[in-house]
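Here's a quick tour of a few spots in this model. Have the sequence and the 3D view ready.

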Amino acid sequence: MSLQQFMNEAISPWMKQEGPDSDIVLSSRIRLARNFDKVTFPVIAKEDDLKPILEFFTQEYAHQSFKDYKNLELVKMTDLKPIEKRVLVEKHLISPHLAEHSDYSAALISQNEQVSIMINEEDHIRIQLYYPGFQLSQALKRASELDDWLEEKVNYAFDQSRGYLTTCPTNVGTGMRASVMMHLPALAMTQQINRMIPAINQLGLVVRGIYGEGSESLGNIFQISNQITLGKSEEDIVEDLQSVVKQLVDQERRARQALKERSSIQLEDRVFRSFGVLKHSRIIESKEAAKCLSDVQLGIDLGYIKNVTKNILNELMILTQPGFLQQYAQETLSPDQRDIRRASLIRERLQLEKQ
């Protein structure tokens, strides 16, 4: 398979679109945690509890469509190879937790991969909906509509005073996690992000790495999400997060402009050195690749680098992850082999820009 064919199949269709402020906000996500009423929650459930839930979704929702989200395909974890699970995690279509707990676990994934409904993860149902760029309000509206569609056939575990009941107490209430993925290279270079993170945490928000809780910030990509789900409405949570994200977008733009004005030649040198590493390396580790991709993306956004795909950071940050590298190679690779393949894939991808 050629790289172009692989990319066309590997990159989620919604990721190829541009959204508002997409030079800084890579994506917006709404996740809703829900459970069946009077059914033991997955963390302590037995086979007799979980099997009927999977069967219910198989019968009621497999190959169904809801508005723009066509042909929901039910993917059972027991049917997947380890590499295939890893690829779905790297595409953010399933969580690492779901991949590790295969028995009676599955995901309903829409054809455009904008919607993923995880079944028997930490909760019975976890609805995920993505939008490109900064579109939290739109994502919330569609996620709520999808939630209402499911609730037509599912009686949710709900308490009048506490809201939606979930496995983790931090999700009780709305059961919602709203998040944005942001590329903040200038704030990282100037070390402003280090003082901003504690301030953001004090506002009831949390800053994590590219794969959420427990992950590091590769390529200056940060995930900002709400921590509080109880005592606020979904709209209030999204409004609070939007306010902080708007400030971060403004701060990042100012930091980029300041770097360009005060350290233009140094910044340009950094960008093109990283571009050279990506174009010519024969071995490259994931951290170095992420750092160089971040620099190159900044160079594209600032106009230093011409005629390179605008969203190459988002694209290559996924394609160069271990699961994708092995999927492309069609074989299991050692860490050293992955570093060689990663360098080769990046060189091959950049060559496509010249065609």
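Helices (H or I, at least four residues) and strands (E, at least two) are DSSP runs, numbered from the N terminus. With that in hand, S334 sits in the loop between α12 (322-329) and α13 (335-352). This is a predicted model, where local features need pLDDT of at least 70, side-chain atom pairs count only at pLDDT 80 or more, and totals for chains, interfaces and linings use all residues. Residues are numbered from 1 along each chain as its sequence is written, and side-chain values use heavy atoms, leaving out hydrogens and water.

On to the aromatics. Rings of Phe, Tyr and Trp (its six-membered ring) pair if their centres lie within 6.5 Å; planes under 30 degrees apart count as stacked, over 60 as edge-to-face and the rest as tilted. That rule gives 10 aromatic pairs, two of which are tabulated here.

| Pair | Centre to centre | Angle between planes | Class |
|---|---|---|---|
| F36 and F56 | 5.8 Å | 90° | edge-to-face |
| Y61 and W149 | 5.1 Å | 75° | edge-to-face |

F36 lies in the loop between β1 (25-34) and α2 (47-60) while F56 is in α2, so their pair ties together parts 20 residues apart in sequence. Y61 is in the loop between α2 and β2 (73-76) and W149 in helix α5 (residues 136-151), so this pair bridges parts 88 residues apart in sequence.

How exposed are they? Buried means under 20% relative accessible area, exposed over 50%, partly exposed in between (1.4 Å probe, protein chains only). F36 is buried at 12%, Y61 is buried at 1% and W149 is buried at 16%. Back at S334, the value is 31%, so that residue is partly exposed.
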